[in-house]
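Me: Could you walk me through the salt bridges in this model? I would enjoy taking them one at a time.

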Amino acid sequence: MKQIYRFWNNPKRSAWIFLAPSLVLLLMFSVIPMFIGLGLSLFDVPVTMDTAKFVGLQNFVQAFHDKRFLNSLRVTAVFTLIEVPIQTFGAMMIAALITKNNGVNKVLRGIYFLPVICSATAIGIMWKMILHSNIGFIPAVLQSFGLGKINFLNTPGLTIFVVTFISIWRSFGISAIVYVTAIQQVSPSLYEAAEMDGAGKIRQFFSITAPSIRPTFWYILMTRLAGSLQIFDIIYTTTNGGPNYTTESTVTYIYNRAFSTTSSMGYASAMSVILFLIIMVVTVLLYRRMNKEESS
């Protein structure tokens with residue numbers, strides 16, 4: 001026992017004991033499934049997985065000739081280009097307004113953060129009922145003002161913006177709270193010196209706040225970008241990709257191909273690998289850009 005105690009009574013070795021539970025979970029639910037998915041992408045496998053036929057790279061070739069898959073990539077890109085800037089820059093501006101620890105700001109933080117702790121399924125169903133063309137509250141109000149009957153969840157060209165708004169509404173709070181925490185770490189002496197020099201609040205924001213929280217900005221940008229490219233729950237519970245696949249994200253299509261009547265786990269895995277590579281490339285490029293800025 002003494003020898004075991006002496007062996008593990010070392011900071012470098014004992015650290016692995018505390019890391020072990022997280023590493024095991026990461027291995028079981030991230031690393032191993034990733035390699036299994038990569039292996040499945042080379043086979044023609046039904047959802048029952050009772051048969052498997054090796055097809056090599058055929059699933060990947062099929063994906064780039066699949067108009068529905070290419071459309072899902074386009075929809076995901078449009079969704080990401082709308083959501084990420086609003087999440088990243090909008091949350092920063094809101095956070096700057098609610099940074100001070102007074103009663104009103106604490107209430108506002110709670111209001112902003114409330115949707116984050118709610119189930120995405122519940123939020124999707126709630127907004128589906130609110131925006132329903134027949135029983136929804138918002139269409140009824142607009143109709144009472146003579147604006148006609150607007151079908152928010154079944155209008156090509158409009159529904160993608162509605163779904164994006166719901167997603168932003170749901171996750172906006174976490175970005176704002178992270179920014180609030182970062183802004184509160186900025187030294188108050190910088191703002192005091194700026195006020196003595198005659199700088200207003202807007203000038204202080206762009207000259208002190210924004211540069212000081214740049215690492216947080218990059219963190220929000222990368223995490224929101226990765227999350228937007230994997231959007232699924234809000235779309236699945238509100239439109240399920242409709243109308244006419246105009247809101248079908250890549251993950252939604254992958255899910256439908258994996259678990260529908262014409263299921264193909266191998267093909268769905270191949271599309272998952274393609275999406276993984278896209279997210280990895282984008283994240284690596286952003287990470288390199290962040291390191292370049294910090295080193296300059």
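**Salt bridges, pair by pair**

Reply: Happy to start with Lys 201 and Glu 195, whose side chains meet in a salt bridge at 3.6 Å, N to O. A salt bridge here is a side-chain nitrogen of Lys or Arg within 4 Å of a carboxyl oxygen of Asp or Glu. This is a predicted model, where local features need pLDDT of at least 70 and side-chain atom pairs count only at pLDDT 80 or more, while totals for chains, interfaces and linings use all residues. Residues are numbered from 1 along each chain as its sequence is written, and side-chain values use heavy atoms, leaving out hydrogens and water.

Me: Is Lys 201 buried or exposed?
Reply: Buried means under 20% relative accessible area, exposed over 50% and partly exposed in between (1.4 Å probe, protein chains only). Lys 201 has a relative accessible area of 58%, so this residue is exposed.

Me: Which helices hold Asp 233 and Arg 170?
Reply: These two side chains form a salt bridge, 3.9 Å from N to O. The pair ties together parts 63 residues apart in sequence, because Asp 233 lies in helix α12 (residues 233-238) and Arg 170 in helix α8 (residues 159-184). Helices are DSSP runs (H or I, at least four residues), numbered from the N terminus. The names are therefore α12 for Asp 233 and α8 for Arg 170.

Me: How far apart are the closest N and O atoms of Glu 83 and Arg 224?
Reply: Glu 83 sits in helix α4 and Arg 224 in helix α11 (residues 214-229), 141 residues apart. Both residues are buried. In their salt bridge, the closest N and O atoms are separated by 3.3 Å.

Conventions:
Helix = DSSP H or I, 4+ residues; strand = E, 2+ residues; numbered from the N terminus.
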